[in-house]
Amino acid sequence: MVSGVVVRFRYALRPLMSANFLYIWHMKRVTVHESQSVTDYPNNNTIFTVWKFREGAEIKPAFEQLCALLANLNHSFIIRTLNGRSTCVMGVGYDAWTKLALPTPLPRELKPFEPIVGPKHTAVATPGDLFFHLRGTDMAACFDMITAISDVLSPAAPSPAADSSVADCLEEIHGFRYWDGRSILGFVDGTENPVGNERQFYAVVSDEDPMYRGGSYLFVQKYLHDMRAWSNLPTEEQEKVIGRYKMSDIEMPDGVKPANSHSALTGIEDENGGELKIVRDNMPFGNPAKGEVGTYFIAYASTFSTTHKMLQRMFVGDPPGNYDRILDFSKACTGSLFFAPSLDILKQYSAATT
Ligand code: HEM
């Protein structure tokens, strides 16, 4: 009798244990809350773009189309580029999140970025509804991705009357890898970035905000450098500004590293002495003939408060007044916060037709 029940129970389970069921069960466990490609390593070419929705435009269908397009572009470029390292990440700003009626409550730390005013320099806050971070081994991949995105947000029109744009591009910056990963200031940029599994830990939301697991706080700033003033500074002085040696990229020892160096003010810890990190993928950009040369700063973080604390220390200083000397040579011209939702949120909003 007992064995008959066991046999019937086993037969009842058989369809559930089929390969299909196991696959779905497995995929639910591993892919739910998977992040966009926020932890990718820096690539050779990048396009950063910020978009603002037009007042009264029908934005929801365009957003749904973009969610589907993003999945398509990412899948396509894994095949089409030799090492599959061409990716596209989308971030959504606070106002846009509300206008698009995306889930509530919002990601805990997604708020409009407020300016941080220091004794001499200010981290300005500038508008932005959608942000795209396109990385490619070749500029061709970035170019094709931004073309496809622009076709959705601002399709070419034969006349102004036929313009069906739902958003305007506020900024499009083409960044490039400069020699061995150096910023235009000549110092390697990114050395202390988390590597391996640490990237996921520091860049991606986990149990601290269960509804948004797999998402990431994406913060960007466009900096313009005063290259004349910087070039007039002897190398030893430049090293004191950054807190590292220029050629070797080795960090200055404590006691030698000035308290107002970039490294001293951005290398931070929590109250228990644990390192607080963000994942940066800054890129140089420039148009020397126009005198516009800079660094596009981009950081992904599991909590925006870490990035904010770094900004506070850079602009206000620690103690207040001891601000980051890098700012005497680099002016923040923009500053916006976005949230890069997990892939499953994007999938939820993907237009079925695309
Ligand atoms: C003009 C813009 C900037 C430039 C050119 C720049 C450049 C650099 C360079 C050359 C380094 C040393 C190597 C490295 O570890 O990456 C560095 C370190 C770092 N930067 Fe920046 N940076 C800029 C803005 C920012 C901003 C706005 C933040 C934060 C909000 C930031 C956060 C960091 C952090 C966390 C480190 C590592 C510190 C350490 O642990 O030693 N940077 N940056």
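L73 makes contact with C88, M145 and A148, apart from its neighbours within four places in sequence. The structure is a predicted model.

**Helix α3 and residue L73**

- Helix α3 consists of 22 residues, and the distance from its first C-alpha to its last is 30 Å, close to the 32 Å expected at 1.5 Å a residue.
- The buried residues of α3 are A62, F63, E64, Q65, L66, C67, L69, L70, L73 and F77.
- These buried residues pack against three elements, namely β2 (87-92), α5 (139-153) and α11 (343-349).
- L73 counts as buried because 21 other C-beta atoms lie within 10 Å, where the cut-off for a buried residue is 20 or more.
- L73 and T122 are 49 residues apart along the chain, and their C-alpha atoms are separated by 37 Å.

**Helix α5**

- The end C-alpha atoms of α5 are 21 Å apart, which agrees with the 21 Å that its 15 residues should span at 1.5 Å a residue.
- Buried positions in α5 are A141, C142, M145, I149 and L153.
- These residues cover an arc of only 100 degrees around the axis, so they are on the same side of α5.
- T147 and D151, on the other side of α5, are exposed.
- The cover over the buried residues of α5 includes β1 (45-53), α3, β2, β5 (130-136) and β6.

**Helix α11 and residue K347**

- K347 is a residue of helix α11.
- With 15 other C-beta atoms within 10 Å, K347 is partly exposed.
- K347 and L110 lie 237 residues apart in sequence, and the C-alpha to C-alpha distance between them is 20 Å.

**The shell around the ligand**

- There are 27 residues around the ligand, of which E192, T266, G267, M310 and S330 come nearest.
- Two or more residues of the shell are given by each of β7 (216-225), α9 (262-266), β12 (292-301) and α10 (304-315).
- Helix α10 supplies the largest share of this shell, with four residues.
- Sorted by class, the shell holds twelve nonpolar, twelve polar and three charged residues.

**Strand β7 and its partners**

- Nine of the ten residues of β7 are buried, so the strand is largely enclosed by the rest of the structure.
- Strands β7 and β12 run antiparallel and are joined by eight bridges; in this pairing, F219 stands opposite A299 of β12.
- β7 is also joined by five bridges to β14 (residues 336-340), again in antiparallel fashion, and here S216 stands opposite A340 of β14.
- A further antiparallel pairing, with three bridges, links β7 to β13 (residues 330-332); K331 in β13 is the bridge partner of L224.

**Cis peptide bonds**

- T104 and P105 are joined by a cis peptide bond with an omega of about -10 degrees.
- P105 is located in the loop between α4 (94-99) and β3 (116-117).
- A cis peptide bond also runs from D318 to P319, with omega near -5 degrees.
- P319 is located in the loop between α10 and β13.

- W179 is not a glycine, yet its phi is positive, at about 45 degrees.
- The loop between β6 (167-176) and α6 (197-203) contains W179.
- The loop between α8 (235-242) and α9 contains D249.
- D249 is partly exposed, with 15 other C-beta atoms within 10 Å.

Note on methods. Residues are numbered from 1 along each chain as its sequence is written. This is a predicted model: local features need pLDDT of at least 70, side-chain atom pairs count only at pLDDT 80 or more; totals for chains, interfaces and linings use all residues. A residue is buried if 20 or more other C-beta atoms lie within 10 Å of its own, exposed if 12 or fewer, and partly exposed in between; C-beta atoms are placed from the backbone. Two residues are in contact if their C-beta atoms, placed from the backbone, lie within 7 Å. The expected span of a helix is 1.5 Å times one less than its number of residues. A residue is near a molecule or strand if its C-beta atom, placed from the backbone, lies within 6 Å of it. Ala, Val, Leu, Ile, Met, Phe, Trp, Tyr, Cys and Pro count as nonpolar, Asp, Glu, Lys and Arg as charged, and the others, Gly among them, as polar. Two strands pair if DSSP finds at least two bridges between them. The arc is that of the directions from the helix axis to the C-beta atoms.
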